[in-house]
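Q: Please take a close look at one helix pair in this model and at what surrounds it. A connected account would be welcome.
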Amino acid sequence: MDAADLPTVDEIDAVQTRIAAHVLRTPVFDWPAAAVGDAIGVPLALNVKFELWQQAGSFKARGAVNNLLALDDLQRQRGVTAVSAGNHAIATAYAAQVTGSHAKVVMPKTANPMRVARCQSLGAEVVLAADVAAVFAEIRRIESAEGRYFVHPYEGMPTLLGPATLAREWLRQCPDLDALVVPCGGGGLLSGMAIALRQIKPALKIFAVEPEGAATMGPAWRTGAPVDTGPNNTIADSLAPPPPASISNLAICQAYVDDFVTVDDAAMRQAMEIIFTHLKLAVEPAPAAGLAAMAGPLADRLRGARTGLLMCGTNIDAAGFAAHAAMR
């Protein structure tokens, strides 16, 4: 990956300024090593960033708002569309609402009803499709027939610049971070953050964590090309985009990410319970994946390192959270 092709820190700052009216500067918290040790059995020095308190409930709002603000007035009048099982659809609905546009989002019929209702409450029209193939066929039809702009959930620089502002903001709040553990699905969060992190603090270690049942970017990162990983099977639906891995994000990950690890569903459920018990937060499986990796495959590698734990989203309802807790 040629660094000259990537946005500079000044450009990331410009995006942060542009979206500031519509996104929050989310807080951070030092989780003391002794308390972390009590929680997961490994005394790590953690700095937690609460992006789950972001507008629309996840980091996705940053990229979605940036996409909408980059459009001209005519395109915003035509509207936008997006595909997602939840977080990105909600974020796009929010971004359309606050920028004077309108959204039609396509979601699988298996999407959580709470997430569907959240999109509708933000003014979006929701189309439910039978499966992945039908979802993308409907998106193509909407783009062609209605002239709506497709807000990609994890590809394209307007989308990646959203999480780049997250990383920039975090390092201002906690400049002495030694490592970050970032959940990875399609790689938009990971790639966008890495673009900023490598320029601002090149020595910082960037570890990616994927669900064992939906690991696509990690195998591609190791082989240098997308790998046929088969159908997804994980509770972390927001970390389970359809394979293969994004080629554009793969190039950034290969240049800037130090390693990939995986965690299984049981480890994520346990981490969800730990986060609820010790931080009093009901999170979806994706942010729990980071803590699960810290307690498992990354435990020895993070000893002595001041590490960032990202609470990236919390679009889960009470019944869904209770169901996961009951399976522990």
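Which hand does the crossing have where α9 passes α11, left-handed or right-handed?

A: The crossing in which α9 passes α11 is left-handed (the near helix is turned anticlockwise from the far one by less than a right angle). The model is predicted, with local features requiring pLDDT of at least 70 and side-chain atom pairs pLDDT 80 or more, while totals for chains, interfaces and linings use all residues. Residues are numbered from 1 along each chain, and side-chain values rest on heavy atoms, without hydrogens and water.

The helix pair comes first. The axes of α9 and α11 (residues 247-256) come within 9 Å and cross at roughly 45 degrees, with axes fitted to C-alpha atoms over the stretch in contact and angles from 0 to 180 degrees between N-to-C directions. Helices here are DSSP runs of H or I of at least four residues, and strands are runs of E of at least two, numbered from the N terminus.

The structure holds 2 cavities of 30 Å³ or more (sets of points on a 1 Å grid where a 1.4 Å probe fits but cannot get out, lined by residues with an atom within 4 Å of a point). The largest cavity has a volume of about 70 Å³, volume being the space filled by probe spheres set on the points. Its lining includes G188 and L189, together with F59, K60, G63, A64, H88, H152, P153, T159 and P163. Besides α9, the elements giving two or more residues to this lining are α3 (60-70) and α8 (157-173). The largest share, 3 residues, comes from α3. By class, the lining has 5 nonpolar, 5 polar and 1 charged residues (Gly counts as polar, Pro as nonpolar and Lys as charged). The loop between β2 (45-50) and α3 contains A56, and A56 has a positive phi of about 70 degrees although it is not a glycine.

The peptide bond from P243 to P244 is cis, with omega near 5 degrees. P244 lies in the loop between α10 (217-223) and α11, which leads back to the helix pair.

The sheets complete the picture. An open sheet of 6 strands has mixed pairing and runs β1-β2-β10-β7-β8-β9 (strands pair if DSSP finds at least two bridges between them). β1 (28-31) and β9 (259-263) are the edge strands with a single partner each, so one side of each has no neighbour in the sheet. On average, neighbouring strands of this sheet are turned by 25 degrees against each other, direction ignored. Within the sheet, 5 bridges join β7 (residues 179-183) to β8 (residues 205-211) in parallel, and L180 stands opposite I206 in β8.

A further open sheet has 4 strands in the order β5-β4-β3-β6, with parallel pairing. Its edges are β5 (125-129) and β6 (149-150), each with a single partner strand, so one side of each is left without a neighbour in the sheet. Strand β4 (residues 103-108) runs parallel to β5 and is joined to β5 by 5 bridges; V106 stands opposite V127 in β5.

Key
On a 1 Å grid over the protein atoms alone, a cavity is a set of points where a 1.4 Å probe fits but cannot get out, and a pocket is an open set with protein on both sides within 12 Å along at least five of seven lines; lining residues have an atom within 4 Å of a point.
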